[in-house]
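The exercises below concern salt bridges, a helix pair and a nonpolar core. Each task is followed by a solution in steps.

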Amino acid sequence: MTATRGPAAAGDGAGSDTVASVVGQWQAVRPDLDTGPMEIIGRVNRCAALLQQAEDAPLRRAGLSRPEFDLLGALRRTGHELTPGDLARETFSSGAAVTKRLKQLTERGLVERRGDARDRRVAHLSLTDAGREVVDAVLPEQLAYERAVLSALDGDRQGELAALLGELLSRLEGHMRTVRA
């Protein structure tokens, strides 16, 4: 029989959130299941959704969607031209989605294309001055929001959380092919 796990203790700051309620409901109808993974994955997913909703406000003011900003950000942070395939890998997006977004960003004058002299099928993409200005204006607003959200945790706890999430992400990135097989 699988060991079950109760909802997080109320004193640890995690027992009164929506995921705790969902876990409690599952434990009531399926007490035989270990809901421990749900307590972590559910919270990561819920935090990501809430953060993304709030973080998108600076992007909306700039007239950008999150996926568009991700493309602009990839071009800005790498500091060199990228191909559409490079951008798809950098942003975890499909090639078709990148192509559509690049068309819109190019039409808005934020990204420019340069053809490859040796292979006409290849495009090299870079930010225009306007694209660089947009990224440089929006990114500080996003970082300020993130700092405010994380201020509920002291520096040591932020470091601990970053390390734990980094470890989980590294394992997922390295092993997702195995898990999906």
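A salt bridge is a side-chain nitrogen of Lys or Arg within 4 Å of a carboxyl oxygen of Asp or Glu. The model is predicted, and it holds 14 salt bridges by this criterion.

**Exercise 1.** Determine how E107 and K103 are paired, where they lie, and whether they are buried or exposed.

Solution.
- Step 1: The closest N and O atoms of E107 and K103 are 2.6 Å apart; the cut-off is within 4 Å, so the pair forms a salt bridge.
- Step 2: Both residues belong to helix α5 (residues 95-107), with a spacing of four residues, about one turn of the helix.
- Step 3: E107 is exposed, and K103 is exposed too.

**Exercise 2.** Carry out the analysis for E39 and R43, and name the network of salt bridges that links them with a further residue.

Solution.
- Step 1: For E39 and R43, the closest N and O atoms lie 3.9 Å apart, and the two residues form a salt bridge.
- Step 2: Helix α2 (residues 36-61) contains both E39 and R43, four residues apart, about one turn of the helix.
- Step 3: E39 and R43 are both buried.
- Step 4: The network of salt bridges links D17, E39 and R43.

**Exercise 3.** Classify the accessibility of D119 and R121, whose side chains meet in a salt bridge.

Solution.
- Step 1: The N to O distance in this salt bridge is 3.0 Å.
- Step 2: D119 has 22% relative accessibility and therefore counts as partly exposed.
- Step 3: R121 has 76% relative accessibility, so this residue counts as exposed.

**Exercise 4.** Describe the orientation of α3 and α5 and the residues through which they meet.

Solution.
- Step 1: The axes of helix α3 (residues 66-78) and α5 come within 10 Å and cross at roughly 80°.
- Step 2: Because of this angle, α3 is roughly perpendicular to α5.
- Step 3: From α3, the residues P67, E68, L71 and L72 meet V98, R101, L102, Q104 and L105 of α5.
- Step 4: The residues of this contact are six nonpolar, one polar and two charged.

**Exercise 5.** Which element gives the most to the largest nonpolar core, and which residues does L72 touch?

Solution.
- Step 1: The largest nonpolar core has 20 residues; among those with the most contacts inside it are L72, L102 and L105.
- Step 2: Two or more residues come from each of α3, α4 (84-91), α5, β2 (123-127) and α6 (129-150).
- Step 3: α3 gives the most, with five residues.
- Step 4: Leaving aside residues up to four places away in sequence, L72 touches L64, L105, L110, V111, L127 and V135.

Definitions and conventions: Residues numbered from 1 in each chain as written. Predicted model: local features only at pLDDT ≥ 70, side-chain atom pairs only at ≥ 80, totals over all residues. Heavy atoms only, no water. Buried < 20%, exposed > 50% of the residue type's maximum accessible area, 1.4 Å probe, protein only. Axes fitted to C-alpha atoms, helices over the stretch in contact; angles between N-to-C directions. Parallel < 35°, antiparallel > 145°, perpendicular 65-115°, else oblique. Contact = heavy atoms within 4.5 Å. Nonpolar A, V, L, I, M, F, W, Y, C, P; charged D, E, K, R; others polar. Core = buried A, V, L, I, M, F, W, Y, C linked by side-chain atoms within 4.5 Å.
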